[in-house]
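Please examine the sequence and the structure below before reading on. The paragraphs that follow lead from an open space in the protein to the elements around it.

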Amino acid sequence: MNGKQRARGRRMWKMRWGIIGCGVISTAHAVAVRSLGESSSLVAAYDIERAKTKAFAAREGCAAEETLDALLGRDDVDSVAVCVPSGLHAEIAVAALEAGKHVVVEKPLDITLEAADRIIEAERSTGKVVTTISQRRFEPASEFIHRAVHEGALGKITSGTAECTWWRSQQYYASAGWRGTWSMDGGGALMNQGVHQADMLLWMLGTPVEVTAYADTLAHDGLAVEDTVAAVVRFESGAIATLSATTSANPGLPLRLSVHGDGGIAVLDGNELGTFTLADPNAADGSTLVDPGRSAEPAFGGGVDDWRARYEREAAALRSRRRAAGEPDPGGMNHPAQYADFVDAVQTGRAPAVTTADGRRALELVLGVYESARSGKPVTLGPGR
């Protein structure tokens with residue numbers, strides 16, 4: 001079989017999906033399945049609340065199963081999306097894996113490391129593919145900054161910041177019994193909203209080794225978990241970063257991530273590339289940053305203008321592909337790109353771009369933040385936690 005025949009075979013192959021949990025986030029997963037066109041189809045859905053299952057199935061044009069076992073027992077379901085409350089992720093994911101399904105788990109992977117490890121062990125023993133949602137990695141600006149970091153454009157990475165500055169009303173927490181609880185949500189502003197920023201920080205800066213944090217509930221009555229948290233994270237490389245998350249900043253700000261090195265600075269504002277500056281190698285002390293509109297030629301090769309042009313080309317190409325495929329504007333909910341990666345991973349036998357190990361690492365950082373905030377002491381991260 002030649003390359004063109006293999007490519008045609010891949011295009012003809014179809015993944016058939018089931019969605020477990022028909023709450024708010026399930027819509028993003030249904031959109032992702034539809035966005036893949038002929039390579040995917042949504043077959044069935046299930047929620048413990050029968051009315052939610054029926055409404056979702058009617059809207060999405062799929063079967064409404066009455067039990068979890070019925071959905072997992074379907075021969076025409078290859079993969080499932082786990083969209084239940086966070087504290088149930090491992091229970092559902094492991095059952096799906098043992099039923100022979102590939103699995104996409106909404107963030108976080110679960111709310112304890114023990115539960116995350118159960119998913120990882122089931123993934124290993126069944127040979128199926130698992131990913132946890134970290135869709136912000138798939139935005140063009142995110143991918144661009146990651147490439148710049150790992151190709152050395154910013155030099156030695158020294159520090160970074162990751163901010164989730166949002167507002168969630170009292171009604172938001174009251175709208176579902178599991179929200180804002182330790183038992184099912186696993187935490188508050190950081191575990192639910194800020195975990196994406198935790199993942200992005202690790203994706204850019206590498207392995208964390210220690211964290212010191214503060215957390216409190218400052219703007220919501222009767223909330224058991226934090227609505228405001230700030231942490232300082234030290235990395236294996238020596239880099240130091242800050243991580244903050246809040247749902248008490250009204251009306252909120254776009255997500256922000258910045259990465260700083262001795263050769264440059266890159267900033268992600270929302271989903272867009274913000275500041276991108278490189279050090280001027282001709283400056284006497286090597287510390288002067290060039291204006292983003294000027295060209296510099298750092299030691300790694302390629303000036304700031306070259307990097308920005310590269311970003312614009314890649315971002316334009318991606319937007320064009322999305323329009324051609326009829327994909328909706330992701331608006332920060334870029335599940336379609338992660339789903340496309342997952343389907344390709346299953347089909348080709350490679351690991352997905354976001355692995356269960358990645359999900360566990362972000363979870364470990366979040367739990368370390370909580371432990372430090374409770375104890376008032378630095379917490380060591382790494383093997384043995």
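Which residues lie nearest the centre of the largest pocket? In this predicted model, they are Val24, Ile25, Cys83, Trp178 and Arg179, and the lining as a whole comprises 46 residues. Helix 5 and helix 9 (189-205) are the elements that give two or more residues to this lining. Helix 9 contributes the most, with 4 residues. A probe the size of a water molecule, rolled over the atoms, shows where empty space is left. The volume of the largest pocket is about 1,100 Å³. By residue class, its lining divides into 22 nonpolar, 14 polar and 10 charged residues.

Helix 5 deserves a separate look. This helix covers residues 89-98 and, together with strand 4 and strand 5, makes a right-handed β-α-β unit. Is helix 5 largely enclosed or largely open? A residue counts as buried when its relative accessible area is under 20%. By that criterion 7 of the 10 residues of helix 5 are buried, so the helix is largely enclosed by the rest of the structure. The buried residues are His89, Ala90, Ile92, Ala93, Val94, Ala96 and Leu97. They pack against several elements, among them strand 1, strand 4, strand 5 and helix 6 (113-126).

The strands may now be considered. Strand 4 spans residues 79-82; Ser79 and Ala81 point one way from it, Val80 and Val82 point the other way, and all are buried. Strand 4 runs parallel to strand 1 (residues 15-20), to which 4 bridges join it. With strand 5 (residues 102-105), strand 4 likewise pairs in the parallel sense over 4 bridges. Val80 illustrates both pairings: this residue is the bridge partner of Gly18, and Val80 also stands opposite Val103 in strand 5.

Just after helix 5, Gly100 takes a positive phi of about 90°. Is Gly100 buried or partly exposed? Its relative accessibility is 32%, and therefore Gly100 counts as partly exposed. Setting aside residues up to four places away in sequence, Gly100 touches Asp78 and Lys128. Gly100 and Val77 are 23 residues apart along the chain, and their C-alpha atoms are separated by 9.5 Å.

Terms used
Residues are numbered from 1 along each chain as its sequence is written. This is a predicted model: local features need pLDDT of at least 70, side-chain atom pairs count only at pLDDT 80 or more; totals for chains, interfaces and linings use all residues. Side-chain values use heavy atoms; hydrogens and water are left out. Buried means under 20% relative accessible area, exposed over 50%, partly exposed in between (1.4 Å probe, protein chains only). Two strands pair if DSSP finds at least two bridges between them. A crossover is right-handed if, with the strands pointing away from the viewer, the path from the first strand over the helix to the second runs clockwise. Contact means heavy atoms within 4.5 Å. On a 1 Å grid over the protein atoms alone, a cavity is a set of points where a 1.4 Å probe fits but cannot get out, and a pocket is an open set with protein on both sides within 12 Å along at least five of seven lines; lining residues have an atom within 4 Å of a point. Grid points are joined across faces, edges and corners, and a volume is the space filled by probe spheres set on the points. Ala, Val, Leu, Ile, Met, Phe, Trp, Tyr, Cys and Pro count as nonpolar, Asp, Glu, Lys and Arg as charged, and the others, Gly among them, as polar.
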